[in-house]
Amino acid sequence: MITFRGGIHPPEFKELAESKPIEVMPLPGKVVIPLSQHTGAPAKPVVASGDVVKTGSLIGEAAGFISASVHSSISGKVASIEPWPHPALPFPVNSVIIESDGEDTHDDTIKARSDRQIEALSPKKIKDLICNAGIVGLGGAAFPTAVKVSPPPDAKIDTLIINGAECEPFLTADDRLMRERPEGIIKGAKILARVLGLGKAYIAIEHNKPDAIKIMTETARAIWSEAEVIKVKTKYPQGAEKQLISAILKRDVPCGGLPFMVGAVVQNTGTAFAVYEALSKDKPLYERVVTVTGPGIREPKNLLVRIGTLCAELVSYCGGLKPDTNKFISGGPMMGIAQSTLDVPVIKGTSGLLFLNGKGMLFKTSPEVNCLRCGKCVGICPMRLVPCEIARMAEYEKLEEAENWGILDCMECGSCAFICPSGRRLVQWIKYGKNLIFAERSRKKEKK
Ligand code: SF4
Ligand code: SF4
């Protein structure tokens with residue numbers, strides 16, 4: 001079965017939520033919508049305290065080429081705009097706080113489009129609609145989709161890959177979406193392919209999701225036979241875009257490069273679905289599917305949630321936490337971010353909330369001991385780096401050497417730390433080194 005070089009196979013723990021159909025979470029009484037929930041410049045607020053908004057109203061406009069618009073996810077009144085804890089950033093971020101009127105009144109400019117009307121739209125118009133809908137990559141990185149489908153004019157794109165790998169343990173949101181909304185994903189893939197000037201798309205799904213593979217294959221056959229479902233080996237991090245390209249196309253994205261350099265564009269299944277909804281319903285991205293799971297939550301679920309809903313509300317809807325729960329991660333266990341409060345909002349990039357209680361911990365918690373020079377981390381690094389050396393250089397703040405060894409190519413997948421018998425905190429050291437390098441670069445920039 002096709003795959004990439006390296007990688008690991010951690011326990012999957014998908015059984016907790018994979019059989020749970022997507023439930024629509026009740027409307028929240030309040031939402032906290034960060035103006036920065038994407039790669040690039042934060043959106044600029046276009047509302048003020050006291051303004052009345054509808055579901056889908058623009059509340060923050062994209063501020064630059066790499067940025068994304070932000071929309072209200074409920075109808076009600078803007079209570080304030082203030083810094084609020086953010087699930088992906090280590091500092092509070094300016095956020096629009098909206099109190100619900102309980103009505104969920106939609107923006108009346110919203111108009112439905114038939115598939116035929118969508119087919120009549122020009123690629124430029126489609127890109128504008130994707131941009132106006134505030135769509136970003138829903139796999140986690142939250143890169144603005146309109147930018148991703150606008151590669152430089154000299155880039156020769158020949159392949160679109162829709163990423164349904166969902167390789168992070170525990171998470172099942174993409175799996176459920178593929179099983180329950182396959183048409184929207186295939187139609188979204190067709191739209192994205194057209195924007196890129198392509199007549200075909202690959203849909204990559206890990207082989208541990210047989211139902212999704214079957215349903216997506218049948219749906220593709222029925223509505224767009226140019227969508228080819230490809231079964232890829234269940235291995236972490238199969239869902240990372242460079243690894244997916246390597247598995248399917250046998251092409252290596254150069255160090256520090258982007259997929260368009262090897263002719264590929266990769267989009268998550270949730271993103272393809274959001275693109276179809278944006279075009280068919282004129283619907284901005286104001287909700288997404290989130291897996292709430294882990295041994296620490298009483299009733300794991302897959303929920304369709306309005307952006308800005310506080311995580312505490314999802315926990316309460318899932319029956320609450322078990323008394324011994326001691327860890328809350330936004331995202332999966334490998335690349336997710338540990339949280340210190342349940343008062344962070346669901347954002348566009350939130351694929352899951354994971355609650356652990358000692359069970360399901362994938363990383364060693366015992367004190368780290370000396371490197372054994374066993375080479376295991378080198379053998380599995382999907383970026384072909386030498387994690388033991390890079391981490392050592394970062395630890396001793398030998399930043400130039402760390403850069404020469406490719407520290408900035410590390411995608412922080414955590415595979416090396418997972419495999420290390422010495423419990424070396426390899427990713428933490430690498431992140432530490434990267435932060436020092438970026439801090440030094442901005443100091444130099446400020447001086448100029
Ligand atoms: S060095 Fe980076 S890319 Fe390589 S395994 Fe470790 S975390 Fe992943
Ligand atoms: S896996 Fe751990 S012990 Fe083995 S070489 Fe890498 S850092 Fe050293």
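Me: How is the chain divided into domains?
Reply: Into domain 1, residues 112–280, and domain 2, residues 376–447. This is a predicted model, so keep that in mind throughout.

Me: How far apart are the C-alpha centres of domain 1 and domain 2?
Reply: They lie 30 Å apart.

Me: And how many residues are in contact there?
Reply: 8 residues of domain 1 are in contact with 7 residues of domain 2.

Me: Let's do sheets. What is the strand order in the parallel one?
Reply: E11-E10-E9-E12. That is an open sheet of 4 strands, with parallel pairing.

Me: Which strands stand at its edges?
Reply: Strand E11 (227–232) and strand E12 (264–268). Each has a single partner strand, so one side of each is left without a neighbour in the sheet.

Me: What does the twist average there?
Reply: It averages 25° from one strand to the next.

Me: How many bridges join E9 to E12?
Reply: 5 bridges, with the two strands running parallel. E9 covers residues 159–164. Threonine 159 stands opposite alanine 264 in E12.

Me: Which helix packs on that sheet?
Reply: Helix H5, residues 182–195. H5 touches E9, strand E10 (201–206), E11 and E12. The direction of H5 makes about 155° with that of E9.

Me: I clicked on lysine 187. Where is its place?
Reply: Lysine 187 is in helix H5.

Me: What does lysine 187 touch?
Reply: Asp115, Ile223 and Tyr276, not counting residues up to four places away in sequence.

Me: What separates its C-alpha atom from that of methionine 335?
Reply: The C-alpha atoms of lysine 187 and methionine 335 are separated by 30 Å. Along the chain, the two are 148 residues apart.

Me: Now the helix pair H4 and H8. At what angle do the axes cross?
Reply: Roughly 45°, and the axes come within 9 Å. H4 is residues 173–180 and H8 is residues 269–280.

Me: Which residues make the contact?
Reply: From H4, Asp174, Leu177 and Met178. From H8, Thr269, Gly270 and Phe273. By class, the contact has 3 nonpolar, 2 polar and 1 charged residues.

Me: Back to sheets. What is the order in the antiparallel one?
Reply: E2-E8-E7-E4. This is also an open sheet of 4 strands. Its edge strands are E2 (30–34) and E4 (52–53), and each pairs on one side only.

Me: What holds strands together in general?
Reply: Strands of a sheet pair through backbone hydrogen bonds, either parallel or antiparallel.

Me: How many bridges join E7 to E8?
Reply: 8 bridges join E7, residues 76–84, to E8, residues 93–100. The two run antiparallel. Isoleucine 81 stands opposite valine 96 in E8. Glycine 76 stands opposite serine 100 in E8.

Me: And E2 to E8, how many bridges?
Reply: 5 bridges, and these strands run antiparallel. Lysine 30 stands opposite glutamate 99 in E8.

Me: Last topic, ligand 2. Which residues are around it?
Reply: Cys371, Leu372, Arg373, Cys374, Gly375, Cys377, Cys388, Cys420, Pro421, Ser422 and Leu426.

Me: How does that shell divide by class?
Reply: The shell around ligand 2 has 8 nonpolar, 2 polar and 1 charged residues.

Methods: Residues numbered from 1 in each chain as written. Chains lettered and ligands numbered in written order. Predicted model: local features only at pLDDT ≥ 70, side-chain atom pairs only at ≥ 80, totals over all residues. Heavy atoms only, no water. Pairing = 2+ DSSP bridges. Axes fitted to C-alpha atoms, helices over the stretch in contact; angles between N-to-C directions. Contact = heavy atoms within 4.5 Å. Near = heavy atom within 4 Å. Nonpolar A, V, L, I, M, F, W, Y, C, P; charged D, E, K, R; others polar. Domains from an automatic or database assignment.
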